[in-house]
Amino acid sequence: MRHEGQDNEWWVRIGHAFSTHVRDEVYVLERYEALAQATKDPGTKFLLELIIQDEHRHHQLFEELASSAAAHPGPDVATVPPAPHPEREHIPELLEHTRRFLELERDDAASLKQLARDLRPAGDEMLWRLLVELMQLDTEKHLKVLEYLERRLEAEGQ
Ligand SMILES: [Fe+2]
Ligand SMILES: [Fe+2]
């Protein structure tokens, strides 16, 4: 689907940006892995491993974005699929599940907030509070995905 501002130059620029990110992410990932391997301290290693897992996923996603952009406008061999476009008869059920998940994630956000507060006395002497705060960020991410899906399904169902 084409939108305003998506001329050929735009496609080239975006494709280039994706490829640049792939290269940059590889560099950063290698630096993290080198430090994680070199360090003997379990706490430091654990934290670096958390980041490394994310960076692996970023790398994979940017590779998929780069190959999707490179495939455009050729035959559809893109690895990132098109936006959700389910069959009409499945939309109401999907929408219902999506809204239920939104509720669950919002409940989760509220209980994580309370838990982070309860963990405050632990301070920086333990990793627990940090881990709960990271889960709060993940929950925000899940909400963002589900809100997108809800918008998308609502638009498709009209
Ligand atoms: Fe990254
Ligand atoms: Fe979640």
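## Basis of the model

Residues are numbered from 1 along each chain as its sequence is written, while chains are lettered from A and ligands numbered from 1 in the order in which they are written. As the model is predicted, local features need pLDDT of at least 70 and side-chain atom pairs count only at pLDDT 80 or more, whereas totals for chains, interfaces and linings use all residues.

## Overall architecture

The protein chain has four helices and zero strands, and its elements run α-α-α-α from the N terminus on. Helices (H or I, at least four residues) and strands (E, at least two) are DSSP runs, numbered from the N terminus. The domain assignment, which is automatic or from a database, gives domain 1 (1-81) and domain 2 (83-158). The centres of domain 1 and domain 2, taken over C-alpha atoms, are 23 Å apart.

The C-alpha trace of the protein chain spans about 50 × 40 × 25 Å along its principal axes. Of the 158 residues, 5% count as buried. A residue is buried if 20 or more other C-beta atoms lie within 10 Å of its own, exposed if 12 or fewer, and partly exposed in between, with C-beta atoms placed from the backbone.

## Packing of H1 and H2

Helix H1 (residues 8-38) packs with helix H2 (residues 42-71) at an angle of about 155 degrees, and their axes are 8 Å apart. H1 is therefore roughly antiparallel to H2. Axes are lines fitted to C-alpha atoms, for helices over the stretch in contact, and angles run from 0 to 180 degrees between N-to-C directions. Angles under 35 degrees count as roughly parallel, over 145 as roughly antiparallel, 65 to 115 as roughly perpendicular and the rest as oblique.

The crossing of H1 and H2 is left-handed, a term used if the near helix is turned anticlockwise from the far one by less than a right angle, with right-handed used if clockwise. The contact of H1 with H2 has 18 nonpolar, six polar and six charged residues. Here Ala, Val, Leu, Ile, Met, Phe, Trp, Tyr, Cys and Pro count as nonpolar, Asp, Glu, Lys and Arg as charged, and the others, Gly among them, as polar.

## Packing of H3 and H4

Helix H3 (residues 91-118) and helix H4 (residues 128-157) have axes that come within 9 Å and cross at roughly 160 degrees, so H3 is roughly antiparallel to H4. The contact of H3 with H4 has 16 nonpolar, five polar and eight charged residues. H3 passes H4 in a left-handed crossing.

## Individual residues

Phenylalanine 62 lies in helix H2 and counts as buried because it has 20 C-beta neighbours inside 10 Å.

Serine 19 lies in helix H1 and is partly exposed, with 17 other C-beta atoms within 10 Å. Serine 19 and threonine 39 are 20 residues apart in sequence and 31 Å apart in space, C-alpha to C-alpha. Valine 80, in the loop between H2 and H3, is partly exposed, with 13 other C-beta atoms within 10 Å. From valine 80 to arginine 31 the C-alpha to C-alpha distance is 27 Å, at 49 residues apart in sequence.
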